[in-house]
Amino acid sequence: MHATPPDTPASAPPDSLWQGLRDAIRGTNADYTRIPLRRAVFLLAVPMVLELVLESTFAVVDIFFVAKLGPSAVATVGLTESYLFLLYSIAMGLAMGITALVARRVGEGDGEAASVTAAQALWVAVLASVPFALAGIVWARELLALMGADAWTLRHGVGYMQWMLGGNVVILLLFVINAIFRGAGDAAIAMRVLWVANGLNILLDPLLIFGWGPVPAFGVEGAAIATNIGRGVGVLLQLWILFRGGQHIRVLSAQLAWRAGVAWQIVRTSLGGVGQMIVAMTSWIFLMRILASIGSEAVAGATIAIRVMMFTMMPAWGMSNAAATLVGQNLGAQRPDRAEAAVWQIGRANMAYLIVIALLFFFLPRELVGVFSDDARVVAIGAEWLRILSYSLFVYGWWMVSVQAFNGAGDTVTPTWINVVFFWMIQIPLAWWLALRLQLGHTGVFWAVFVSETAVGLFTLWLFSRGRWKSKQV
């Protein structure tokens, strides 16, 4: 794995920016533990950023079309996503553990072990999807009612939840297989898969929501159908590439045989990641429940603001994902100082980017939210949250990178306990107290988010700088 000669194209610096971009998008067989660090960051970060930009583009386009059906339709999406956050927490947690394990095995030069880990990860994802599918198909109406859904949502939004939770296996597999590719260093493959999946989603959204010709209008349910079709096609493409072989990893059919020891190692390594995401995501469920008690306009405004935030911050998450791969592979190659240098380099880039986004949120919040709704109350609420968010993005960018450094090292437990303190013990009680006891309404929720996320960012960065993550073994 470390035999690449120094004068090969994989290790030579690009002749130009455009050459580097071409290599990043097409993918290379570069050894990310040996090539110049700046080039390694570039080759990994570019496809990860582009991948998540299109993912966030779909989220924005989806809510743009759904918003045409009214605030209750947007609230349907927001309330359903409150439960999907639990699913995403498992998908992201598994992805963290799988990326760390695959990256460590690749860094150690053990391609066989990396492939076996990838094969067992498929089984873990499928098994994890079953409880969510059953709950979503059988108890969709009851789950929406539990979140305080209005009469329109209980009448028209049940099908949306049934599709989204019932078809959740494609979400889990999409996350897990792309985590395999990223851990191996095949970030360009993960990018192209999401381009296909989300591009198809964008094309199908207006067709299935509003209908055209012989295709009936499914309303808000059409958005869920489009999402399942797009992601399903993406998963089929992933599996084809994974078994055909990418630049750094290939799974053989014989490796699909159930191996309980490897599967348990994946689960054990991922538990901390699942835990940290469940803590973070369930805090959003409580926040959305508080907002639902205030009114559908508050939920709709917050949902749109979250989508705008997702769209604009995905490049920062893409850069942070590159840090996880570089940390995992370089720790596997016994190069901890290079792993740390990668994190600081990516953190500076994240900081610069999010300062620009913060300025947009501060000066143009109404314009950004107004793209998706013409309801004055919804726009006002969403714009207020974006402006409050702008105050914390500088710190939030460093939090993203430092958390991914822990996860890339395989230390997913430390961020879990951090999240328990700052999200469950600070954010939720503070939001409830400000919004309901002090009667600040949605404004209280937004300021509670600002306080907790600024504090967690500063603390996590300090903990990362102590360096104990370098000695983590997986």
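**Note on two loop residues and a helix pair**

1. Gln-439 is exposed, at 69% relative accessible area (exposed is over 50%, buried under 20%, partly exposed in between, with a 1.4 Å probe and protein chains only). Gln-439 sits in the loop between α17 (413–437) and α18. Its phi is positive, near 60°, and the residue is not a glycine.

2. This is a predicted model: local features need pLDDT of at least 70, side-chain atom pairs count only at pLDDT 80 or more, and totals for chains, interfaces and linings use all residues. Residues are numbered from 1 along each chain as its sequence is written, and side-chain values use heavy atoms, leaving out hydrogens and water.

3. Gln-334 lies in the loop between α12 (296–332) and α13 (336–363). Gln-334 counts as exposed because its relative accessibility is 66%. For context, most residues other than glycine have a negative phi.

4. Now the helix pair. The axes of α16 (residues 393–408) and α18 (residues 442–466) come within 8 Å and cross at roughly 45°. So α16 is oblique to α18 (under 35 degrees is roughly parallel, over 145 roughly antiparallel, 65 to 115 roughly perpendicular, the rest oblique). The crossing of α16 past α18 is left-handed.

5. Which residues make the contact? On α16 they include Trp-398, Trp-399 and Phe-406; on α18 they include Glu-453, Leu-461 and Phe-464. Contact means heavy atoms within 4.5 Å. The contact residues of α16 with α18 divide into 12 nonpolar, four polar and one charged.

Methods
Axes fitted to C-alpha atoms, helices over the stretch in contact; angles between N-to-C directions. Helix = DSSP H or I, 4+ residues; strand = E, 2+ residues; numbered from the N terminus. Left-handed = near helix turned anticlockwise from the far one by under 90°. Nonpolar A, V, L, I, M, F, W, Y, C, P; charged D, E, K, R; others polar.
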